[in-house]
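I open the notebook on a structure that is new to me. The entries below record what I looked up.

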Amino acid sequence: MKILDGKQVRQADAYTIAQEPISPLALMERAAHAFVHWYINQFVQTRPVAIFCGQGNNGGDGLAIARILSQRSYSIQVYLVAHTSNPSDDYRANLDRLQGHHRPILLSSEADIPELSDQVIIIDALLGSGLNRPADGLLAVTIDKINHCDNKKVAVDIASGLFMDRLNAPSDAIVKPDYTVSFQFPKLPFLLPHSAAYAGEWHVVDIGLAKDFIAHCDTPYELTDYESAERLKKPRAKYAHKGTFGHALIIAGSYGKVGAAVLAAKACLRAGVGLLTLHIPKCAYEIVQVSVPEAMASIDVKKKINTLLPELQGYTAVGIGPGLGQHTGTLQMLQQLLSLATCPLVIDADALNLLSENKELFGLIPRKSILTPHPKEFERLAGPGRSDLDRLHKGREFAQKHGVIICLKGAHTAVIDDCGRVYFNTTGNPGMATGGTGDVLTGVITALLAQGYSPVAAARLGVYAHGQAGDAAIKKTGMAGLTASDVAEHLRLD
Ligand SMILES: NC(=O)C1=CN([C@@H]2O[C@H](COP(=O)(O)OP(=O)(O)OC[C@H]3O[C@@H](n4cnc5c(N)ncnc54)[C@H](OP(=O)(O)O)[C@@H]3O)[C@@H](O)[C@H]2O)[C@H](O)CC1
Ligand SMILES: [K+]
């Protein structure tokens, strides 16, 4: 699913209105019905509804929603905030349509803002994607009051006060909803860590904007959702044999961090690799043979660290990094690997830290290699970002400049390809913020690369399947109890 900017959404709107054709008022009605369809599946009729409306089209949506909910026997009360001398036509039309159903209350000062009982659900339709300056005056006071009550809150399209395409200042008044019901597309701030609190649990509802327009819309931002992940998957052929699914090499582990190698190996096998060899220090030999009997071991000359690059011929993908340590001998091996590899690599953890400490090696990274940094590792690689958006821009620049794919890990891990396109992941949960899940991800992506997936597909599908495994696992373990081993065990690629 694509993520469009405000200008593109307005163009999609205008195109749909002209081509379908449909009147803007009928499109607003369709959006309101789509919202209500979601709403009635979520909240029972016995919960009263307070709908706060501005005077733009977002407010118009709010008024249409109020009318439709009232027709469905929900008990509603509309509160209007007058914030512009130029209310939109469709706002006015919906105000007219509401007459006979309901009488809205105009809020003209702070004293008019109501105290609501806990049962009331708040629908926020003050401002939408047309926000062009921070909310102030009575709008800001109303937003503040809404935020201070414990009632469940649902934002129409986007939380009032949240910019769609640019950063808010920390002091801006923005509704903090429990849910956002977003029309047709998610908005970029929903996917960035610092603004995600202003989206709550977000849902996208289809309002029938023109599919052909959307298909041709050029945007760097997309989601990896269920449909796109399914499209990326390759079926396993009936007459396949283990050679069909590649032979992965994972270089991992050091004394005290052998577990990282084991986790990466288990995940690699669960993600469907045909054959797996683990290159490990001597101290890891018995541990690996006992805990991952399916993997072959390539043993380093050193007892506690990896230093000697194995012969690379025959491997269809190489992953390096989990639990590797940052010794000089290991650095030399990494440098050799970068120079000799003829296929893209998966580079994680300590291998990334070694790269950050030795930036002159960047030029050796094979094209389309996949780097999997968490935000701190990314900062070490590419320098600090002033904001989430700035970090994303830095990631796009870095990926294009060095011809690599970056998986910038987080709640919505961003896979950034070497053309600067960003694919936000939609699976996973906070339980996965625990040691070892990164090693599991490295194993999954290496397995997919080994099986012949393109690097971008391997990264997108790997990140998606990794999150999906975490989501499946917490059904048994709960969030707090989730371990990286649980994630590896719950991986399912078909
Ligand atoms: N395709 C779709 O997704 C559809 C979306 N719909 C809904 O429409 C809104 C966007 O509507 P729009 O009228 O463009 O925008 P708003 O409702 O957000 O704002 C309207 C006006 O408010 C003024 N404004 C902006 N910022 C502020 C502020 N901080 N304080 C006060 N007033 C503000 C501004 O007018 P000015 O003349 O005063 O500058 C805005 O024009 C979208 O979010 C959806 O909810 C359609 O219903 C269906 C299709
Ligand atoms: K809103």
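I note the sources here: the model is predicted, local features need pLDDT of at least 70, side-chain atom pairs count only at pLDDT 80 or more, and totals for chains, interfaces and linings use all residues. Residues are numbered from 1 along each chain as its sequence is written, while chains are lettered from A and ligands numbered from 1 in the order in which they are written.

I looked up who meets whom (contact: C-beta atoms, placed from the backbone, within 7 Å). Among the residues at this meeting are Met28, Phe35 and Val36 in α2 and Ala64, Ile65 and Leu69 in α3.

Next I checked the UniProt record, where an unreviewed entry lists Asn58, Asp124 and Ser160 under "binding site"; such annotations may be inferred rather than shown by experiment. They span 103 residues in sequence, yet no two of their C-alpha atoms are more than 9.1 Å apart, so they gather at one spot.

I placed Asn58 in helix α3. Asn58 is buried, with 27 other C-beta atoms within 10 Å (buried: 20 or more; exposed: 12 or fewer; partly exposed in between).

I placed Ser160 in the loop between β5 (153-156) and β6 (179-183). Ser160 is buried too, with 29 C-beta neighbours inside 10 Å. Beyond four places in sequence, its contacts include Asp124 and Leu126.

Technical notes
Two residues are in contact if their C-beta atoms, placed from the backbone, lie within 7 Å. Helices (H or I, at least four residues) and strands (E, at least two) are DSSP runs, numbered from the N terminus.
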